[in-house]
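Biologist: Could you take me closely through how the helices pack against one another, with the residues that make each contact and the cut-offs behind each term?

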Amino acid sequence: MSVFGRLQVETLETYTKKLATSGKMTSAQSWEKEISFVLLQLTNGLKSLQAQGIEEVAGDALEHFLLARADKDPQYRIIILDAVVPAEGATGTLSLCSVAFAAMLMLFQVDNPVLQATTPGGVTPTLPELTPSVGMFRSMADILRFQSESMGALGQVKSMLEYMLWGPSDIAFEVSNQETREQSLQRWLDLERATVLHNLIRTQGLWRIHLTVFEEYHLLFLVQTCAKMLHEASLLFESEVACM
């Protein structure tokens, strides 16, 4: 049993409805950042279940992902309820990739997201033009739909979301033999790690660092990622931008 302080709690469905209303008053870039971070947390949670050997969840899994935040917190933190894990022998379960895909469809306000995500055959439902980088989300949707049997599908989507949130989208890659793309990204990563850590210590001190959930995930990204992962994500990002 866990005891929390006073929190504002939303289901994924009620959060999406509020986001759809507030989206009319915010920029497309802010809206994209908001849903990208929610999807990143959800994907990370699904990867944690996968690491425990869980490959399927309850058919109503989307109801067991709650978004909670205190009044002082700018972002929601996703909480996964134990009921998401189906009882032994349960029917009507969903694969982890199907859950991530359905959550993406719900956030993009597509009707009947679970049904759309689990209907065999056919084409991937078209995501509406709600964000500047909708092509990236469509690529992620294809990965979740058509590579759902791959153990690395969720990891690939996680890398793409992290790159969209914190990656070096404005970096100028060298094309000469003096520096490869991966070397440019490694240089950027080393500098970003040092800069973020310096700013945290400067603003909060060495021993009293209180991070928001967004800052926690940003630091995890900087610690866990590598130039190779950034390289692969950057190629996907650039290919989608070129198609726009």
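Modeller: In this predicted model, helices α1 and α3 run roughly parallel to each other (angles under 35 degrees count as such, and those over 145 as roughly antiparallel), because they pack at an angle of about 30 degrees, with their axes 9 Å apart. Here α1 covers residues 12–22 and α3 residues 96–107, helices being DSSP runs of H or I of at least four residues, numbered from the N terminus. The axes are lines fitted to C-alpha atoms over the stretch in contact, and the angles run from 0 to 180 degrees between N-to-C directions. On the α1 side the contact (heavy atoms within 4.5 Å) involves L12, E13, Y15 and T16, which meet A103, M106 and L107 of α3. By class, this contact comprises 5 nonpolar residues, 1 polar and 1 charged, where Ala, Val, Leu, Ile, Met, Phe, Trp, Tyr, Cys and Pro count as nonpolar, Asp, Glu, Lys and Arg as charged, and the others, Gly among them, as polar.

Helix α1 also packs against α2 (residues 28–51), at an angle of about 170 degrees and with the axes 12 Å apart, so that this pair is roughly antiparallel. From α1 the residues L12, Y15 and L19 take part, and from α2 they are W31, E34, I35, V38 and L42; the set divides into 7 nonpolar residues, 1 charged and no polar.

Residues are numbered from 1 along each chain as its sequence is written. Because the model is predicted, local features need pLDDT of at least 70 and side-chain atom pairs count only at pLDDT 80 or more, while totals for chains, interfaces and linings use all residues, and side-chain values use heavy atoms, with hydrogens and water left out.

Technical notes: Helices (H or I, at least four residues) and strands (E, at least two) are DSSP runs, numbered from the N terminus. Angles under 35 degrees count as roughly parallel, over 145 as roughly antiparallel, 65 to 115 as roughly perpendicular and the rest as oblique.
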